[in-house]
Amino acid sequence: MSETTFKIQRFNPEKDKETYFQEFKLEIPKGATLLDCLNLIKWTQDGTLTFRMSCRSAICGSCSVRANGHAVLACKTQASSVAQNDQVTIKPLGNMEIIKDLAVDLTEFWKKVEAIKPWLMPDEKKETQTTERTQSVEEFLKIDKASTCIMCSSCYSDCCSMAVDKSFLGPTALAKAQRFVEDSRDKETISRIKELSEDAGIWDCTHCGECSQRCPTEAKPLDRIVSLRTVALNSGVTNNYGARHAKAFVKSIKSSGILNENTIPVASMGFFNIPGLLSLIPVGIRMFLKGKNPPLIHHPMQELDDVKRIFKKFEEK
Amino acid sequence: MKYALYTGCVAKGAGRELLTSTYALAGKLGIELVELKNVSCCGAGVITEENPELADALNARTFAIAEEQGLNILNICGTCQGVMKKAQAHLDNDEDYKDKINETLKEGGHEYKGTVKIKHLLTVLTEDLGLSSLRNKVTVSLDGLKVAPFYGCYLLRPFETSDLDDPDNPTAIEVLTEALGGTSIDYEGKLKCCGFPYLMMKKKQSITMAGNHIASAKKEGADCMVTPCPLCQLSLDPYQPESAKEIGQKLDIPILHLPQLVGLAMGLKPKELGMQKHVVSTNKITAKIGC
Ligand code: FES
C-alpha cells in the first residue's frame, strides 16, 4: 500500500508569526478514519500536533477539521475517502480564530448558541406544573432533526455569510433556535421569531447550502432556517428587510406568474427607505446604459389564470 | 436534439443576453428549443419559504406541461435547475404527496407523471451533445484564454439532486473550457456563493462576497469568469465596480454566461451573444481570442 501525504496546517502562537504547512507521510491502515490518522501522526511522528477529540464515535462533536477545504468530522470520515492522489490537506475550521494547530477558539460560536436562549420556555410556572409536558409524534418530528445536532461547528466553519459578517448568528445557533421555536411546549414562539428576524438573524443566510452539506447529522441547518422563515412569514413577523423581500417576491409571481425585476428591488428596500433606494441608482444607471435593465414593460406569463387559481387554492387552505 | 426551454425570469429580464446567446448557440449546434411560455417562475427558493407545497405545485405544473409535449426540460439558469430538481425529488419520493399536488393541478388540466428529465444547458452540452462533438465544431479556439468557472450554489447543492456528476468536486465547466481550446483555472471562490440572494437586503456583505471571489479568480490569472447561473452573473458583473470599491482592489474581470463562452468558440460574434450588454467590458477577451 502506498503512503499518503498529510499536509497539515500548523501554528503555535508562542513561536510562530504565521501559519505554515507541514507534511507527514503515513500508510493509511485499512478502515482508518481521519482521526485515527491524526492520532497515528501524533503518536509516532510529532507529539506536538494539536487537535480536539473525545468520543471517536461522532457523538461529542469535538473533532471537526477541514479536509481539502471542507469541514468534516474527523472520526466519521474515512481517511481514504478524502485522500486525492495520495494527498490530503488538513486545516483548522474556518470563521474562527486559531488557538493552536487544528484547535480553534469556539467562544463566539457558543455565545451565539446561548444568544438564541436554547432552553424551553413553557408558560406554566414550574411550581404549579404537576403533569408531564407531552408531545404527539407529529409535534416531536418537527424538532427531531434539529435535536440531532452535536454542535461540531462544521456548518459554522463553512458558512459563506459568516465569512463576510462575523455578527451573523450562523447556522448552528439558528438550527438550534428552530428546535425551540417549533417546540409545541414552548410558549415564546412569537417573541423568539421576532428576535430571530432582527439583523444578523434568519434573513442573513444566503441559502448557499454549504451548512447542510457539511453537517454530519440530520440537523441540516439550511432546512431549519427555511422552516424558521416559514414560521416568520406565516405569523406576520414581516416588518424587516428579509420578510419584505420574500413577500414582494411571492406577490410578484402571484400577479404575473414571473418575477417583475423592476418592482422587486424597491419593494424589498421598503418604499420609505430613502438611502436604500438611492443606493440602487448607480447600478441602475450602469445597467440601463448597457441595455441590461429589465424591460420597462413587464409581460405576464401565458395562462396566468391557472397559476392564479393554484395560488388561490393554497390561500384557502 | 429537442428540449423544452425553461427560460427562467432573469433571462427575460435583466439578463436577456443569456436568452439571446442561448438561442444563437442552439442554432449553431442544431439543438431545437421549444420555449415554455405558459409556465410560472420556479419560485427561486423563496416561494417555498412561505409555502413549500405551493412552490412544489407550481413546479409540478411546469413539469407536467413539458411532459405533455413529450420533451425534457432544459434550464439555462442554475438556480431554476437546483430549485426544480429539489421540487421533483419531493414529488418523486412520496407518491401520496405527488397525488395531493396533482389534485391541485387537475382543474387546470395538468398531471405530473414523473417522466420528465430536467437538465441544465451545461450537462446538455457535456453529456447529451458530448465533448468530442463540441470539439469538432470549434471554429475560434479559446487558445490562451484563462477561464475561471463559477458554478453557483444551486447547481451544486444539495449534492443529492445536483445535475453534476461530482458536485463536491465538479469538473464540467473545466472540461468544457478545455474542449473549446481554453484553459480553466482553479481558485478559492469557485464553488462559493455569489451573494445574490441578499444583494437587495445586505448589500455590503453581498458585494464583499462577490468581490472576494472575483479577486481570487484574478489572483490566479483569470481573463474572465464564466457562470451557468444568471443570478451569479448579475451579482458579479453589474455590481463589480461597487465590489471593487468595497474590498479596495481594482477589479475588471468580464463575467460570461455559459452559452456566451461556448458561442464564441463556435464562431458567433460577440454582438450575436449580447456581450455589449455587460457592465464590465468583454473587449479584452474577444480581442485575445481574435473575434
Ligand atoms: S471525537 Fe467526538 S465527534 Fe469525533
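Reply: Val147(B) stands opposite Ser184(B) in strand S6 of chain B, in what is, throughout, a predicted model and should be read as such. Taken as strands, S5(B), which covers residues 146–149, is joined to S6(B) by 2 bridges, and the two run parallel. Val147(B) also has a partner in S7(B), namely Cys224(B), and S5(B) is joined to S7(B) by 3 bridges, again with the strands running parallel.

These pairings belong to an open sheet of 4 strands in chain B, with the order S6-S5-S7-S8 and parallel pairing. Its edges are formed by S6(B), residues 183–184, and S8(B), residues 255–257, each of which pairs on one side only. In a regular strand, side chains alternate between the two faces of the sheet. Across S5(B), S7(B) (224–227) and S8(B) lies helix H12 of chain B, residues 258–265, running at about 85° to S8(B).

For comparison, chain A contains an open sheet of 5 strands, ordered S2-S1-S5-S3-S4, with mixed pairing. Strands S2(A) (20–26) and S4(A) (70–73) stand at its edges, each with a single partner strand, so one side of each is left without a neighbour in the sheet. From one strand to the next the twist averages 35°. Strand S1(A), residues 4–10, is joined to S2(A) by 7 bridges, and these two run antiparallel; within that pairing, Thr4(A) stands opposite Leu26(A) in S2(A). Helix H1 of chain A, residues 34–44, packs on the sheet, where it touches S1(A), S2(A), S3(A) (64–67), S4(A) and S5(A) (87–91), its direction making about 75° with that of S1(A).

In the model, 61 residues of chain A are in contact with 65 residues of chain B, and the chains bury about 5300 Å² between them, 60% of it on carbon and sulfur atoms. Lys290(A), Lys292(A) and Phe314(A) supply 13% of the area that chain A buries against chain B, more than any other three residues.

One of the pairs joins Glu49(B) to Arg229(A), with the closest N and O atoms 2.6 Å apart. Another is formed by Glu50(B) and Lys247(A), whose closest N and O atoms are 3.2 Å apart; this pair crosses from helix H2 of chain B (residues 47–50) to helix H11 of chain A.

Across the same interface, 25 residue pairs are found in polar contact, both residues being at pLDDT 80 or more. Several helices of chain A each supply at least two residues of the side that touches chain B, among them H10(A) (221–234), H11(A) (241–256), H13(A) (274–290) and H14(A) (304–316). H11(A) gives the most to that side, with 8 residues. By class, the side of chain A that touches chain B has 27 nonpolar, 17 polar and 17 charged residues.

How values were computed:
Residues are numbered from 1 along each chain as its sequence is written. Chains are lettered from A and ligands numbered from 1 in the order in which they are written. This is a predicted model: local features need pLDDT of at least 70, side-chain atom pairs count only at pLDDT 80 or more; totals for chains, interfaces and linings use all residues. Side-chain values use heavy atoms; hydrogens and water are left out. Contact means heavy atoms within 4.5 Å. Buried area is the accessible area (1.4 Å probe) that two parts lose on being put together, summed over both. A salt bridge is a side-chain nitrogen of Lys or Arg within 4 Å of a carboxyl oxygen of Asp or Glu. A polar contact is a pair of N or O atoms within 3.5 Å; within protein, one must be able to donate a hydrogen and the other to accept it, and residues adjacent in sequence count only if both atoms are side-chain atoms. Ala, Val, Leu, Ile, Met, Phe, Trp, Tyr, Cys and Pro count as nonpolar, Asp, Glu, Lys and Arg as charged, and the others, Gly among them, as polar. Two strands pair if DSSP finds at least two bridges between them. Axes are lines fitted to C-alpha atoms, for helices over the stretch in contact, and angles run from 0 to 180 degrees between N-to-C directions.
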